[in-house]
Amino acid sequence: MEVAVREISPREAAADLLVIGVFKGAGLPDDLSGSPGADDFQDAYRKTTILHPEGHGRVLTVGLGEQDEFNAERARVVAAVAAAQAARVEAGSVAWVLPETEHDDAIAAGLTEGTILASWRFERYRKPDEDEPTPQIEKLTLIASESLSVATDVARIAAEAQNRARELQQLPSNVATPSFLAERAAEIVSTHEKVSFEVLDREQISDKGMGGLTAVSQGSTEEPKLIVLRYAGGGSPIGLVGKGVTFDTGGISIKPAQSMQEMKMDMSGAAAVMEAIAAIAELDLPLELIGVIPATENMPSGNAIKPGDVITQYNGKTVEVNNTDAEGRLILADALAYCVELGAERVVDLATLTGAVVIALGSTYAGLMSNDDEWAGEVAEAAERSGELAWRLPLHPDYKELTKGTIADLTNAASKRKAMTIYAASFLEEFVDGRPWVHLDIAGTAWDTDRQYVGKGPSGFGVRLLVSLAQDLSKT
Ligand code: BES
Ligand code: MN
Ligand code: ZN
């Protein structure tokens, strides 16, 4: 989508649909109050009215809500509301007008993101029904000070990357295999000069002693991949690790059939990390990144890992695999240890790791766990700024106690269902060699969040958060 910020009159924008945001109680602008349709005007948050002022095509009003409650998140929401109306009237171009007071970077970014995210569709495998409104906004113009265009450029790049992550999430597991993810990584490398990569195949993964990724992948005929994407923008390297389970059946500890199809999204962390790196490269931000993506299926078979089996992780620690459905932590353990070995000084991992985080925080907040208050604070602030929220859960030696194995150093699943989200984080902490590390459990926020601008299905959670973090780190 083309996005422009122009200091022009609404008339000059010559858009198929002119959108006017109106605060609650502010009333219609004078020049519209007599127009056909004005009698239906409603000013409540998210309410829309279509007006047909003389010689001016179509005008859509959208309620922004109370002025003192308006923020970037509400901007994303109202932009999505407007995009839905634009689709209904088949508008190819949209121009947005905000009240004088609301011309700041975060709001302009929110409108851009909301429009781009809400316009995303996944139509690879079916034709849309005839009566289904199909978005076709090709051009978005914000009528505002042109100084906002720096913010809208970043917002556009991040939102487009988020849509690419959503595509990867939505693709079925027979298409989005570990090899497919590796091909996408290769594409990112070929479009961005400062990005390079390395991909390990099954044999190399096993030869290197990555016992977790070896064990989880051994039940599948689909070749696993350990993908390393490096972005060379300079400075001390930040590690980004994303869980890339392209389908999680649970393995021998098999999941119930109910909703198992959703487990194609168990690579959402991988999708977010890869597309965030692509966005950061597009923005040419001055920082150094090491992305590590362990990608595999988790399948039952005659070759599969069995409950009780003992494996040795990349850093030498041994693990009793008491539940083959707790596979994410096994592959992340190797990836985190490898990422640290490659030189990452601080690490963030994103993983659809536990069902428990969905119960605790729903789709509103990702779970954030960390061994370092300062790093946790920086990531939490990036989350807040991006609108991809994260709530910190505690770590404590008591939880660590639960992760101890009977015949090995660790076990991947305790018999008691205590604090399962924190348990998983305590397990991961064993593999970061004391480096500042943040774990984001995105099992609840990656799918079916029902936010207006992403709705049901894939949300691409994490891309905007990581871009925002990278921007922040680029300043210091
Ligand atoms: N991929 C799942 C977690 C998940 C659940 C993601 C719901 C998205 C939505 C993970 O591999 C898993 O199976 N976790 C188990 C761990 C348990 C067996 C210790 C869980 O949380 O139930
Ligand atoms: Mn699992
Ligand atoms: Zn999983």
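A polar backbone atom of Leu353 sits 3.4 Å from a nitrogen atom of ligand 1. That pair is a polar contact (N or O atoms within 3.5 Å). The model is predicted: local features need pLDDT of at least 70, side-chain atom pairs count only at pLDDT 80 or more, and totals for chains, interfaces and linings use all residues. Residues are numbered from 1 along each chain as its sequence is written, chains are lettered from A and ligands numbered from 1 in the order written, and side-chain values use heavy atoms, with hydrogens and water left out.

**Exercise 1.** State how much of the area of ligand 1 the protein buries.

*Solution.* Start with ligand 1 alone: it exposes 520 Å² (Shrake-Rupley method, 1.4 Å probe).

**Exercise 2.** Describe the residues around ligand 1 by class.

*Solution.* Take the shell of 16 residues; a residue is near if one of its heavy atoms lies within 4 Å. Asp248, Lys255, Asp325, Glu327 and Gly355 come nearest. Sort the shell: five nonpolar, four polar and seven charged residues. Gly counts as polar here, Asp, Glu and Lys as charged.

**Exercise 3.** Is Ser220 buried or exposed?

*Solution.* Locate Ser220 in the loop between helix H7 (211-217) and strand S8 (225-232). Its relative accessible area is 6%. Buried means under 20%, exposed over 50%, so Ser220 is buried. Its C-alpha is 5.5 Å from that of Met299, 79 residues away in sequence.

Notes
A polar contact is a pair of N or O atoms within 3.5 Å; within protein, one must be able to donate a hydrogen and the other to accept it, and residues adjacent in sequence count only if both atoms are side-chain atoms. Helices (H or I, at least four residues) and strands (E, at least two) are DSSP runs, numbered from the N terminus. Buried means under 20% relative accessible area, exposed over 50%, partly exposed in between (1.4 Å probe, protein chains only).
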